[in-house]
Amino acid sequence: MQSLWSPSTDLAPARPGIEDRLAEMITIPTVSAHRETSGLGVFEEFLELLARQYPLIHQHLEVERIGELGVVFTWPTAGPSAAAPVVLMAHFDVVPTTGQEEEWTYPPFEGRIVDGVVWGRGALDDKGSLVTLLDAVENLLAEGWAPGREVLLCLGGDEEVHGRAARAIAETLKERGVRPSFVLDEGGAITTLPFPGLSGWFAMIGLAEKGVMAVRLSTTGAGGHASAPSGLTAVGRIARAVARLNHNPFRLRMPRTVRQLFARLADHAEQPYAGIYRAAASAPAVTSRLLPLLGADGEVMVRTSLAATMISGGSAPNVLPSDASAMLNLRVNVGESCDQVITKLRTVIDDAEVSIEIVEADEPTPEAAVDVAAWQQLTDAVAAAYPGVATLPYLTTAATDGRHWHRFTPNVYRFSPLAMDAEQRASIHAANERVSVDALVRGERFYRALLLGL
Ligand SMILES: [Zn+2]
(Lines give C-alpha, C1' and ligand atoms only; values in the text may rest on other atoms or scores of the structure.)
Protein backbone atom coordinates (compact mmCIF):
# COMPACT_ATOMS: atom_id res chain seq x y z
CA MET A 1 0.00 0.00 0.00
CA GLN A 2 1.43 3.33 -1.02
CA SER A 3 1.53 6.27 1.32
CA LEU A 4 -1.06 8.91 0.51
CA TRP A 5 0.61 11.56 2.60
CA SER A 6 3.91 13.30 2.27
CA PRO A 7 6.18 12.36 5.15
CA SER A 8 6.12 14.62 8.15
CA THR A 9 9.58 16.06 8.76
CA ASP A 10 9.12 17.70 12.14
CA LEU A 11 9.44 14.44 14.08
CA ALA A 12 12.72 12.56 14.07
CA PRO A 13 12.74 9.02 12.63
CA ALA A 14 11.72 6.37 15.12
CA ARG A 15 13.10 2.94 16.02
CA PRO A 16 12.64 0.70 12.96
CA GLY A 17 10.72 -2.58 12.98
CA ILE A 18 7.30 -1.53 14.24
CA GLU A 19 5.72 -3.91 11.70
CA ASP A 20 7.79 -6.83 13.01
CA ARG A 21 6.73 -6.08 16.58
CA LEU A 22 3.06 -6.06 15.52
CA ALA A 23 3.53 -9.27 13.51
CA GLU A 24 4.96 -10.98 16.59
CA MET A 25 2.05 -9.73 18.73
CA ILE A 26 -0.38 -11.23 16.20
CA THR A 27 1.25 -14.68 16.53
CA ILE A 28 0.03 -14.93 20.13
CA PRO A 29 -3.70 -15.76 19.86
CA THR A 30 -5.08 -13.71 22.75
CA VAL A 31 -8.68 -14.66 21.96
CA SER A 32 -10.65 -13.51 25.00
CA ALA A 33 -13.75 -15.48 23.97
CA HIS A 34 -11.71 -18.69 24.38
CA ARG A 35 -10.29 -17.73 27.76
CA GLU A 36 -12.48 -20.15 29.70
CA THR A 37 -11.03 -23.10 27.79
CA SER A 38 -7.55 -21.82 26.92
CA GLY A 39 -6.77 -20.30 30.32
CA LEU A 40 -4.60 -17.27 30.99
CA GLY A 41 -1.45 -18.71 29.39
CA VAL A 42 -1.58 -16.84 26.09
CA PHE A 43 -2.29 -13.56 27.87
CA GLU A 44 0.73 -14.01 30.15
CA GLU A 45 2.79 -14.95 27.12
CA PHE A 46 1.67 -11.74 25.43
CA LEU A 47 2.65 -9.59 28.39
CA GLU A 48 6.05 -11.31 28.48
CA LEU A 49 6.45 -10.45 24.81
CA LEU A 50 5.75 -6.79 25.62
CA ALA A 51 8.45 -6.89 28.30
CA ARG A 52 10.94 -8.10 25.68
CA GLN A 53 9.81 -5.68 22.99
CA TYR A 54 9.68 -2.62 25.24
CA PRO A 55 12.59 -2.78 27.70
CA LEU A 56 12.64 0.97 28.44
CA ILE A 57 8.93 1.08 29.25
CA HIS A 58 9.39 -1.78 31.69
CA GLN A 59 12.44 -0.11 33.18
CA HIS A 60 11.13 3.46 33.58
CA LEU A 61 7.38 3.10 34.03
CA GLU A 62 5.70 1.57 37.04
CA VAL A 63 3.83 -1.60 36.02
CA GLU A 64 0.76 -2.72 37.89
CA ARG A 65 -1.66 -5.60 37.31
CA ILE A 66 -5.28 -4.86 38.10
CA GLY A 67 -7.52 -7.91 38.13
CA GLU A 68 -6.57 -10.85 35.91
CA LEU A 69 -6.27 -9.00 32.63
CA GLY A 70 -5.71 -5.33 33.36
CA VAL A 71 -2.27 -3.70 33.14
CA VAL A 72 -1.44 -0.10 34.02
CA PHE A 73 1.89 1.53 33.19
CA THR A 74 2.40 4.78 35.09
CA TRP A 75 4.85 7.22 33.54
CA PRO A 76 6.01 9.63 36.22
CA THR A 77 6.59 13.29 35.45
CA ALA A 78 10.06 14.81 35.15
CA GLY A 79 9.45 17.04 38.18
CA PRO A 80 6.52 17.94 40.43
CA SER A 81 3.39 18.66 38.40
CA ALA A 82 -0.09 19.80 39.35
CA ALA A 83 -1.50 19.07 35.88
CA ALA A 84 -4.20 16.40 35.58
CA PRO A 85 -2.94 13.08 34.19
CA VAL A 86 -3.74 11.67 30.77
CA VAL A 87 -5.03 8.13 30.19
CA LEU A 88 -4.14 6.31 26.97
CA MET A 89 -5.91 2.99 26.47
CA ALA A 90 -5.65 -0.05 24.23
CA HIS A 91 -6.68 -3.70 24.46
CA PHE A 92 -4.58 -6.73 23.68
CA ASP A 93 -7.29 -9.36 23.27
CA VAL A 94 -8.84 -10.21 19.90
CA VAL A 95 -12.01 -11.82 18.58
CA PRO A 96 -11.94 -15.43 17.30
CA THR A 97 -11.69 -16.37 13.63
CA THR A 98 -14.08 -19.30 13.96
CA GLY A 99 -15.91 -19.99 10.71
CA GLN A 100 -13.76 -17.54 8.70
CA GLU A 101 -10.62 -19.67 8.27
CA GLU A 102 -11.32 -20.36 4.59
CA GLU A 103 -11.71 -16.67 3.78
CA TRP A 104 -8.31 -15.53 5.05
CA THR A 105 -5.69 -14.94 2.35
CA TYR A 106 -2.96 -15.59 4.96
CA PRO A 107 -3.46 -17.52 8.19
CA PRO A 108 -4.86 -15.13 10.84
CA PHE A 109 -2.27 -15.83 13.55
CA GLU A 110 0.90 -15.89 11.45
CA GLY A 111 1.47 -12.15 11.33
CA ARG A 112 2.48 -12.19 7.68
CA ILE A 113 3.98 -8.99 6.21
CA VAL A 114 3.36 -8.75 2.47
CA ASP A 115 4.05 -5.69 0.29
CA GLY A 116 4.00 -3.20 3.12
CA VAL A 117 0.93 -4.64 4.82
CA VAL A 118 0.72 -6.61 8.09
CA TRP A 119 -2.02 -9.26 7.98
CA GLY A 120 -3.67 -10.99 10.89
CA ARG A 121 -6.26 -10.94 13.64
CA GLY A 122 -5.80 -7.81 15.71
CA ALA A 123 -3.80 -5.91 13.06
CA LEU A 124 -6.32 -3.05 13.40
CA ASP A 125 -8.34 -4.04 16.46
CA ASP A 126 -6.49 -3.35 18.62
CA LYS A 127 -2.90 -4.57 18.55
CA GLY A 128 -2.24 -2.08 15.74
CA SER A 129 -3.08 0.81 18.07
CA LEU A 130 -1.23 -0.82 20.94
CA VAL A 131 2.01 -1.16 18.99
CA THR A 132 1.91 2.50 17.90
CA LEU A 133 1.27 3.66 21.47
CA LEU A 134 4.01 1.55 23.05
CA ASP A 135 6.50 2.35 20.28
CA ALA A 136 5.90 6.09 20.81
CA VAL A 137 6.53 5.82 24.54
CA GLU A 138 9.61 3.65 24.05
CA ASN A 139 11.01 6.12 21.50
CA LEU A 140 10.48 9.09 23.80
CA LEU A 141 12.14 7.23 26.67
CA ALA A 142 15.11 6.50 24.39
CA GLU A 143 15.45 10.24 23.81
CA GLY A 144 15.43 10.82 27.56
CA TRP A 145 12.13 12.66 27.41
CA ALA A 146 9.70 12.66 30.35
CA PRO A 147 6.16 14.03 30.40
CA GLY A 148 5.15 17.25 32.16
CA ARG A 149 2.06 15.50 33.50
CA GLU A 150 1.51 11.92 34.57
CA VAL A 151 0.66 9.57 31.70
CA LEU A 152 -1.17 6.32 32.40
CA LEU A 153 -1.15 3.55 29.80
CA CYS A 154 -4.15 1.35 30.57
CA LEU A 155 -4.29 -1.97 28.76
CA GLY A 156 -7.16 -4.45 28.94
CA GLY A 157 -7.20 -8.11 27.96
CA ASP A 158 -10.94 -8.72 27.71
CA GLU A 159 -12.44 -5.79 25.77
CA GLU A 160 -13.99 -8.11 23.21
CA VAL A 161 -15.97 -10.08 25.79
CA HIS A 162 -17.08 -7.74 28.57
CA GLY A 163 -14.31 -5.25 29.32
CA ARG A 164 -14.09 -6.17 33.01
CA ALA A 165 -10.38 -5.33 33.06
CA ALA A 166 -10.97 -1.77 31.81
CA ARG A 167 -13.83 -1.32 34.26
CA ALA A 168 -11.67 -2.50 37.17
CA ILE A 169 -8.84 -0.19 36.08
CA ALA A 170 -11.15 2.82 35.76
CA GLU A 171 -12.76 2.15 39.15
CA THR A 172 -9.45 1.53 40.92
CA LEU A 173 -7.90 4.72 39.57
CA LYS A 174 -11.03 6.68 40.37
CA GLU A 175 -10.87 5.48 43.99
CA ARG A 176 -7.28 6.69 44.12
CA GLY A 177 -8.48 10.13 43.09
CA VAL A 178 -7.17 10.05 39.51
CA ARG A 179 -9.11 12.63 37.47
CA PRO A 180 -7.69 12.58 33.93
CA SER A 181 -7.78 15.71 31.80
CA PHE A 182 -8.71 13.33 28.99
CA VAL A 183 -8.86 9.65 28.10
CA LEU A 184 -8.08 8.26 24.65
CA ASP A 185 -9.26 4.81 23.53
CA GLU A 186 -10.04 3.05 20.24
CA GLY A 187 -13.28 3.78 18.35
CA GLY A 188 -12.39 6.16 15.51
CA ALA A 189 -9.74 6.13 12.76
CA ILE A 190 -8.22 7.88 9.78
CA THR A 191 -10.69 6.97 7.09
CA THR A 192 -12.71 7.91 4.04
CA LEU A 193 -16.32 9.01 4.54
CA PRO A 194 -19.52 7.57 3.11
CA PHE A 195 -21.06 11.05 2.71
CA PRO A 196 -21.44 12.64 -0.74
CA GLY A 197 -19.38 15.69 -1.73
CA LEU A 198 -16.38 14.71 0.39
CA SER A 199 -13.20 13.17 -0.90
CA GLY A 200 -9.98 12.16 0.78
CA TRP A 201 -9.25 11.08 4.32
CA PHE A 202 -10.44 12.36 7.68
CA ALA A 203 -9.51 11.68 11.28
CA MET A 204 -12.76 10.65 12.92
CA ILE A 205 -12.64 10.99 16.69
CA GLY A 206 -15.56 9.53 18.64
CA LEU A 207 -16.96 11.89 21.28
CA ALA A 208 -19.60 9.57 22.68
CA GLU A 209 -20.84 6.04 22.38
CA LYS A 210 -24.27 4.56 22.32
CA GLY A 211 -25.54 2.42 25.17
CA VAL A 212 -25.91 -1.34 24.84
CA MET A 213 -28.79 -3.44 26.09
CA ALA A 214 -29.68 -7.09 25.88
CA VAL A 215 -33.33 -7.71 26.72
CA ARG A 216 -35.20 -11.01 26.90
CA LEU A 217 -38.88 -11.21 26.05
CA SER A 218 -40.60 -14.33 27.32
CA THR A 219 -44.03 -15.79 27.77
CA THR A 220 -45.66 -19.05 28.76
CA GLY A 221 -48.55 -20.98 27.23
CA ALA A 222 -50.94 -23.65 28.42
CA GLY A 223 -49.41 -26.39 26.33
CA GLY A 224 -51.63 -29.16 24.94
CA HIS A 225 -52.23 -30.76 21.58
CA ALA A 226 -51.60 -28.58 18.52
CA SER A 227 -54.90 -29.72 16.95
CA ALA A 228 -56.88 -27.60 19.41
CA PRO A 229 -55.21 -24.18 19.75
CA SER A 230 -57.10 -21.37 21.40
CA GLY A 231 -55.87 -17.92 20.44
CA LEU A 232 -52.19 -17.12 20.19
CA THR A 233 -49.63 -19.72 21.22
CA ALA A 234 -46.58 -18.67 23.25
CA VAL A 235 -44.58 -18.68 20.01
CA GLY A 236 -47.22 -16.55 18.27
CA ARG A 237 -47.21 -14.07 21.16
CA ILE A 238 -43.45 -13.59 21.06
CA ALA A 239 -43.49 -13.34 17.27
CA ARG A 240 -46.19 -10.65 17.51
CA ALA A 241 -44.18 -8.71 20.09
CA VAL A 242 -41.11 -8.73 17.84
CA ALA A 243 -43.19 -7.72 14.81
CA ARG A 244 -44.73 -4.81 16.73
CA LEU A 245 -41.28 -3.60 17.73
CA ASN A 246 -40.02 -3.81 14.16
CA HIS A 247 -42.97 -1.75 12.97
CA ASN A 248 -42.52 0.94 15.62
CA PRO A 249 -38.93 2.16 15.52
CA PHE A 250 -37.53 4.41 18.24
CA ARG A 251 -37.89 8.15 17.84
CA LEU A 252 -35.39 10.17 15.86
CA ARG A 253 -33.13 12.50 17.77
CA MET A 254 -29.86 14.06 16.69
CA PRO A 255 -27.13 14.09 19.37
CA ARG A 256 -25.01 17.23 19.68
CA THR A 257 -22.00 15.30 18.35
CA VAL A 258 -23.74 14.52 15.06
CA ARG A 259 -24.72 18.17 14.69
CA GLN A 260 -21.07 19.17 15.25
CA LEU A 261 -20.02 16.61 12.64
CA PHE A 262 -22.30 18.13 9.99
CA ALA A 263 -21.21 21.66 10.80
CA ARG A 264 -17.60 20.65 10.20
CA LEU A 265 -18.35 18.53 7.12
CA ALA A 266 -19.63 21.73 5.54
CA ASP A 267 -16.12 23.20 5.76
CA HIS A 268 -14.65 20.34 3.73
CA ALA A 269 -17.36 19.44 1.21
CA GLU A 270 -17.77 20.72 -2.33
CA GLN A 271 -20.93 22.57 -3.38
CA PRO A 272 -23.82 22.00 -3.30
CA TYR A 273 -23.10 19.55 -0.49
CA ALA A 274 -21.36 22.10 1.72
CA GLY A 275 -24.61 24.06 1.79
CA ILE A 276 -26.60 20.93 2.49
CA TYR A 277 -24.37 19.95 5.43
CA ARG A 278 -24.55 23.45 6.85
CA ALA A 279 -28.32 23.38 6.61
CA ALA A 280 -28.32 19.88 8.12
CA ALA A 281 -26.39 21.11 11.15
CA SER A 282 -28.77 23.99 11.74
CA ALA A 283 -31.97 21.95 11.36
CA PRO A 284 -31.43 18.80 13.45
CA ALA A 285 -35.09 17.83 13.46
CA VAL A 286 -35.25 17.73 9.65
CA THR A 287 -31.83 16.13 9.29
CA SER A 288 -32.58 13.36 11.72
CA ARG A 289 -35.53 12.48 9.48
CA LEU A 290 -33.35 12.48 6.36
CA LEU A 291 -30.38 10.54 7.75
CA PRO A 292 -32.12 7.15 7.75
CA LEU A 293 -32.54 7.58 3.98
CA LEU A 294 -28.73 7.22 3.69
CA GLY A 295 -29.07 3.69 5.01
CA ALA A 296 -28.11 1.95 8.25
CA ASP A 297 -24.94 4.04 8.71
CA GLY A 298 -26.99 7.22 8.80
CA GLU A 299 -29.85 5.83 10.82
CA VAL A 300 -27.78 4.53 13.74
CA MET A 301 -26.51 8.05 14.43
CA VAL A 302 -29.97 9.40 15.19
CA ARG A 303 -31.94 6.51 16.62
CA THR A 304 -31.87 3.75 19.20
CA SER A 305 -31.52 0.60 17.12
CA LEU A 306 -33.22 -2.70 17.87
CA ALA A 307 -32.35 -6.13 16.52
CA ALA A 308 -34.06 -9.37 17.51
CA THR A 309 -31.07 -11.70 17.63
CA MET A 310 -32.36 -15.01 19.04
CA ILE A 311 -35.73 -16.70 19.30
CA SER A 312 -36.75 -20.00 20.80
CA GLY A 313 -39.80 -21.87 21.99
CA GLY A 314 -41.77 -25.07 21.74
CA SER A 315 -40.64 -28.65 21.91
CA ALA A 316 -42.30 -30.60 19.09
CA PRO A 317 -44.11 -29.91 15.79
CA ASN A 318 -47.49 -31.07 17.13
CA VAL A 319 -47.36 -29.79 20.72
CA LEU A 320 -48.55 -26.35 21.80
CA PRO A 321 -45.53 -24.52 23.21
CA SER A 322 -45.47 -24.04 26.97
CA ASP A 323 -42.96 -21.21 26.62
CA ALA A 324 -41.21 -18.99 24.09
CA SER A 325 -38.63 -16.24 24.26
CA ALA A 326 -36.69 -13.81 22.13
CA MET A 327 -33.50 -11.81 22.73
CA LEU A 328 -33.27 -8.21 21.65
CA ASN A 329 -30.03 -6.32 21.18
CA LEU A 330 -30.47 -2.56 21.47
CA ARG A 331 -28.02 0.30 20.98
CA VAL A 332 -29.33 3.23 22.97
CA ASN A 333 -29.08 6.68 21.40
CA VAL A 334 -26.90 9.27 23.12
CA GLY A 335 -29.17 11.51 25.19
CA GLU A 336 -31.61 8.71 26.01
CA SER A 337 -31.63 6.11 28.79
CA CYS A 338 -32.11 2.37 29.28
CA ASP A 339 -35.20 3.18 31.39
CA GLN A 340 -36.79 5.03 28.49
CA VAL A 341 -36.07 2.05 26.26
CA ILE A 342 -37.88 -0.34 28.59
CA THR A 343 -40.89 1.99 28.82
CA LYS A 344 -41.03 2.15 25.03
CA LEU A 345 -40.78 -1.65 24.70
CA ARG A 346 -43.63 -2.10 27.14
CA THR A 347 -45.85 0.40 25.35
CA VAL A 348 -45.23 -0.98 21.89
CA ILE A 349 -45.49 -4.67 22.80
CA ASP A 350 -48.72 -3.84 24.66
CA ASP A 351 -49.13 -7.35 26.02
CA ALA A 352 -49.21 -8.09 29.75
CA GLU A 353 -48.44 -11.75 29.03
CA VAL A 354 -45.01 -10.91 27.65
CA SER A 355 -42.42 -10.29 30.34
CA ILE A 356 -39.47 -8.04 29.68
CA GLU A 357 -36.21 -8.84 31.42
CA ILE A 358 -33.01 -6.80 31.24
CA VAL A 359 -30.06 -9.13 30.70
CA GLU A 360 -27.49 -6.38 30.24
CA ALA A 361 -27.74 -2.61 30.30
CA ASP A 362 -24.98 -0.10 29.73
CA GLU A 363 -26.16 3.49 29.47
CA PRO A 364 -25.04 5.69 26.56
CA THR A 365 -22.14 7.95 27.49
CA PRO A 366 -22.11 11.73 27.79
CA GLU A 367 -20.57 13.65 24.88
CA ALA A 368 -16.96 14.86 25.11
CA ALA A 369 -16.21 18.49 24.26
CA VAL A 370 -14.50 19.91 21.18
CA ASP A 371 -13.83 23.37 22.66
CA VAL A 372 -11.17 22.18 25.11
CA ALA A 373 -7.37 21.89 25.05
CA ALA A 374 -7.50 18.10 24.67
CA TRP A 375 -9.36 18.32 21.36
CA GLN A 376 -6.78 20.77 20.03
CA GLN A 377 -3.94 18.52 21.19
CA LEU A 378 -5.50 15.57 19.36
CA THR A 379 -6.04 17.65 16.22
CA ASP A 380 -2.43 18.86 16.26
CA ALA A 381 -1.12 15.33 16.69
CA VAL A 382 -3.21 14.14 13.72
CA ALA A 383 -1.76 16.97 11.62
CA ALA A 384 1.80 16.00 12.58
CA ALA A 385 1.27 12.37 11.56
CA TYR A 386 -1.10 12.82 8.63
CA PRO A 387 -0.42 16.23 7.08
CA GLY A 388 -3.51 17.82 5.53
CA VAL A 389 -5.98 15.45 7.19
CA ALA A 390 -8.82 17.24 8.99
CA THR A 391 -10.11 16.02 12.35
CA LEU A 392 -13.86 15.57 12.77
CA PRO A 393 -16.04 14.63 15.75
CA TYR A 394 -18.34 11.66 15.45
CA LEU A 395 -20.48 9.19 17.33
CA THR A 396 -19.07 5.73 18.03
CA THR A 397 -21.89 3.27 17.52
CA ALA A 398 -20.06 0.19 18.84
CA ALA A 399 -19.04 -0.29 22.48
CA THR A 400 -15.46 0.36 23.63
CA ASP A 401 -13.63 0.13 26.95
CA GLY A 402 -13.61 3.93 27.06
CA ARG A 403 -17.18 3.92 28.35
CA HIS A 404 -16.01 2.79 31.79
CA TRP A 405 -14.26 6.16 32.20
CA HIS A 406 -17.04 8.26 30.84
CA ARG A 407 -19.13 7.94 33.96
CA PHE A 408 -16.78 10.20 35.87
CA THR A 409 -14.54 11.88 33.27
CA PRO A 410 -16.20 14.15 30.73
CA ASN A 411 -13.51 14.07 28.06
CA VAL A 412 -13.18 10.57 26.68
CA TYR A 413 -12.14 10.44 23.02
CA ARG A 414 -12.19 7.38 20.80
CA PHE A 415 -9.61 7.17 18.08
CA SER A 416 -6.96 4.84 16.69
CA PRO A 417 -4.35 6.73 14.68
CA LEU A 418 -4.41 4.18 11.85
CA ALA A 419 -5.47 4.85 8.27
CA MET A 420 -8.01 2.30 7.06
CA ASP A 421 -10.14 2.31 3.93
CA ALA A 422 -13.69 0.96 3.77
CA GLU A 423 -12.48 -2.56 2.94
CA GLN A 424 -10.10 -2.59 5.89
CA ARG A 425 -12.81 -1.25 8.18
CA ALA A 426 -14.99 -4.16 7.09
CA SER A 427 -12.16 -6.57 7.98
CA ILE A 428 -12.39 -5.71 11.69
CA HIS A 429 -13.86 -8.78 13.44
CA ALA A 430 -13.97 -10.42 9.96
CA ALA A 431 -11.49 -12.10 7.59
CA ASN A 432 -8.33 -10.49 6.19
CA GLU A 433 -7.83 -7.89 8.91
CA ARG A 434 -4.74 -5.93 7.92
CA VAL A 435 -2.91 -2.66 8.42
CA SER A 436 -0.37 -0.87 6.27
CA VAL A 437 3.13 -0.36 7.62
CA ASP A 438 2.77 3.31 6.64
CA ALA A 439 -0.23 3.63 8.97
CA LEU A 440 1.77 2.08 11.81
CA VAL A 441 4.66 4.49 11.28
CA ARG A 442 2.24 7.41 11.23
CA GLY A 443 0.33 6.05 14.21
CA GLU A 444 3.55 6.08 16.24
CA ARG A 445 4.11 9.67 15.15
CA PHE A 446 0.62 10.57 16.26
CA TYR A 447 1.17 9.31 19.81
CA ARG A 448 4.65 10.84 19.97
CA ALA A 449 3.33 14.22 18.81
CA LEU A 450 0.42 13.96 21.24
CA LEU A 451 2.70 13.25 24.19
CA LEU A 452 5.15 15.98 23.19
CA GLY A 453 2.27 18.44 22.85
CA LEU A 454 0.68 17.83 26.24
ZN1 LIG B 1 -11.30 -3.21 19.78
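Analyst: Leu217 stands opposite Ala326 in strand β12. This is a predicted model, in which local features need pLDDT of at least 70 and side-chain atom pairs count only at pLDDT 80 or more, while totals for chains, interfaces and linings use all residues. Residues are numbered from 1 along each chain as its sequence is written.

The two strands here are β10 (residues 211-220) and β12 (residues 323-332), which run antiparallel and are joined by ten bridges. Strands (E, at least two residues) and helices (H or I, at least four) are DSSP runs numbered from the N terminus. Two strands are said to pair if DSSP finds at least two bridges between them. β10 also pairs with strand β13 (residues 355-362), again in the antiparallel sense, over seven bridges. In that pairing, the bridge partner of Ser218 is Ser355 in β13.

Where they meet, 20 residues of domain 1 are in contact with 22 residues of domain 2, contact meaning that the C-beta atoms, placed from the backbone, lie within 7 Å. On the side of domain 1 that touches domain 2, strand β14 (residues 390-396) gives the most, with six residues. That side divides into eleven nonpolar, six polar and three charged residues. Here nonpolar covers Ala, Val, Leu, Ile, Met, Phe, Trp, Tyr, Cys and Pro, charged covers Asp, Glu, Lys and Arg, and the others, Gly among them, are polar.

Elsewhere there is an open sheet of three strands, in the order β4-β5-β17, with antiparallel pairing. Its edge strands are β4 (113-114) and β17 (434-436), each of which pairs on one side only. Two bridges link β4 to strand β5 (residues 117-119), and Val114 stands opposite Val117 in β5. Helix α16 (residues 437-452) packs on this sheet, touching β5 and β17, and its direction makes about 70° with that of β17. Such angles run from 0 to 180 degrees between N-to-C directions, the axes being lines fitted to C-alpha atoms, for helices over the stretch in contact.

α16 has 16 residues and reaches 23 Å from its first C-alpha to its last, close to the 22 Å expected; the expected span is 1.5 Å times one less than the number of residues. In α16, 13 of the 16 residues are buried. A residue is buried if 20 or more other C-beta atoms lie within 10 Å of its own, exposed if 12 or fewer, and partly exposed in between, with C-beta atoms placed from the backbone.

His429 has a positive phi of about 70° although it is not a glycine. Asn432, also a residue other than glycine, has phi near 65°. His429 is partly exposed, with 16 other C-beta atoms within 10 Å; Asn432 has 18 such neighbours and also counts as partly exposed.

One runs from Asp125 to Asp126, with omega near 5°, and Asp126 lies in the loop between β5 and α5 (127-142). Another runs from Gln271 to Pro272, with omega near 5°, and Pro272 sits in the loop between α8 (256-268) and α9 (273-282).

Notes: Contact = placed C-beta atoms within 7 Å.
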